[in-house]
Amino acid sequence: MRFPLSLRNVEDLLFERGIDVCHETVRFWWNRFGPLFAADIRHQRVSRMKGFRHWRWHLDEVFVKINGETHYLWRAVDHEGEILESYVTKKRDKSAALRFFKKTLRRNGKAEKIVTDGLKSYPAAMKDLGVEERREMGRWLNNRAENSHLPFRRKERVMLRFRQMKSLQKFASVHANVHNHFNQDRHLVDRQTYKAARSAALAEWQNLAA
């Protein structure tokens with residue numbers, strides 16, 4: 001989930017290291033254990049951030065093709081670039097936005113400010129929830145959410161797209177949390193700080209997999 005590799009790429013890499021497994025076995029592994037790791041990572045993140053007073057969310061949606069039909073992947077990202085929620089719908093109307101908001105608020109608590117683009121579904125849903133006054137909108141304000149789609153797009157190309165909404169939803173949720181765990185913003189810190197953060201992330205990951 002961390003690297004833009006296909007299941008067959010992983011099979012070949014393991015074979016080079018003396019581990020002979022089928023790519024379907026790799027698929028079973030991430031289907032079985034991926035959601036468990038992702039849930040633990042998300043829980044730790046939410047526990048740390050719920051007490052942060054100035055939590056700022058960025059919301060955006062991107063289209064995804066499933067068997068040639070357009071669907072929408074909604075994403076909530078916080079001010080530090082951590083992906084909070086990923087949600088797949090067939091439409092991007094008020095009803096879809098409302099379901100996305102409810103899920104995000106239920107699992108992550110509340111934010112002081114919520115940044116969105118100009119899609120009219122956002123203010124309509126936020127009005128129903130009574131959080132319309134927290135909305136912010138402006139040019140370039142939502143770049144953080146838009147940039148969060150890039151790792152997903154790279155992985156999507158390798159996987160040759162998706163065939164079911166259920167599999168896309170599961171994949172997007174796991175991929176987002178694993179990406180969060182190893183996203184160290186290496187372009188913003190010095191080499192030593194990055195190496196220390198990377199080592200800590202790997203050690204925590206090994207504890208999750210133990």
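Guide: Gladly; we will take the labels one by one. This is a predicted model, where local features need pLDDT of at least 70 and side-chain atom pairs count only at pLDDT 80 or more, while totals for chains, interfaces and linings use all residues. Residues are numbered from 1 along each chain as its sequence is written, and side-chain values use heavy atoms, with hydrogens and water left out.

Visitor: Why is the pair Glu136 and Arg56 called a salt bridge?

Guide: The term asks for a side-chain nitrogen of Lys or Arg within 4 Å of a carboxyl oxygen of Asp or Glu. Glu136 and Arg56 meet at 2.2 Å, N to O, so the pair qualifies. The structure holds eight salt bridges.

Visitor: What makes Glu136 partly exposed?

Guide: Buried means under 20% relative accessible area, exposed over 50%, and partly exposed in between (1.4 Å probe, protein chains only). Glu136 has 22%, so it counts as partly exposed. Arg56, at 26%, is therefore partly exposed too.

Visitor: Why is the pair Arg17 and Glu16 called a salt bridge?

Guide: The N to O value for Arg17 and Glu16 is 3.7 Å, within the 4 Å limit, so this pair is a salt bridge. Both Arg17 and Glu16 are exposed.
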